[in-house]
Amino acid sequence: MAKAKFQIERRCEVCGMPFLAKTIESRYCCNKCTQKAYKRRKAEVLKNEVLSKIAENVDDAREYITVKEAMAIYLVGRTSLYQYIRSGKIPSINLGKHLIRIRRQELDECFPKRNFANNDVKRLPKLYNMEPENCYTIGEIAEKFHMDDSTVYLHIRKYSIPTRQIGNYVYVPKSEIDDLYK
């Protein structure tokens, strides 16, 4: 990974400590925080898979659902749901130990439904205006952001930023470069 010739001060997304980023995409201060973030992402993916399976198995015609099914269908956590039940904001029926049922109509009024959109949907490629007036040259980027031409080329390849060559000049869309180095 290429190292930046300038210093970027950021806050770690896990522990919140300030640190000097070694690369443009650095988000964590140390390897320990990186591993914690990775574990959190994996746990979130597994949790969403379990909730989507539960939500698929719930029949739409059922008027009363369990707390677990309510968590899967609606954007609400277990503790929040139990607090609403205890406070009386959401009426429920207790059929015995661990057999609480909640009316679906009450949940529709209080909470939005969870969206299990398919993330595998292919996106259309972004269209760029590659006219020279809407683009930077490699030299302009290097001069503006104080880095070498080779570093600019490396970032262009790494982030799949489109280029256009006219004569001896290589043009890159201003919007993409400004977003990358903001």
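Is tyrosine 169 buried or exposed? Tyrosine 169 is exposed, because its relative accessible area is 52%; exposed means over 50%, buried under 20% and partly exposed in between, with a 1.4 Å probe and protein chains only. The model is predicted, so local features need pLDDT of at least 70 and side-chain atom pairs count only at pLDDT 80 or more, while totals for chains, interfaces and linings use all residues. Residues are numbered from 1 along each chain as its sequence is written, and side-chain values use heavy atoms, leaving out hydrogens and water.

Next come the aromatic rings. Rings of Phe, Tyr and Trp (its six-membered ring) pair if their centres lie within 6.5 Å; planes under 30 degrees apart are stacked, over 60 edge-to-face, and the rest tilted. The count is 3 aromatic pairs. One of them joins tyrosine 84 and phenylalanine 111 edge-to-face, at 5.3 Å between centres and 80 degrees between planes. Tyrosine 84 lies in helix H3 (residues 78-87), and phenylalanine 111 lies 27 residues away in the loop between helix H4 (104-110) and strand E6 (135-137). Helices (H or I, at least four residues) and strands (E, at least two) are DSSP runs numbered from the N terminus. Phenylalanine 111 is buried, because its relative accessibility is 10%.

Phenylalanine 111 also belongs to the largest nonpolar core, which has 18 residues. Such a core is a set of buried Ala, Val, Leu, Ile, Met, Phe, Trp, Tyr and Cys residues joined through side-chain atoms within 4.5 Å. H2 gives the most to this core, with 5 residues.
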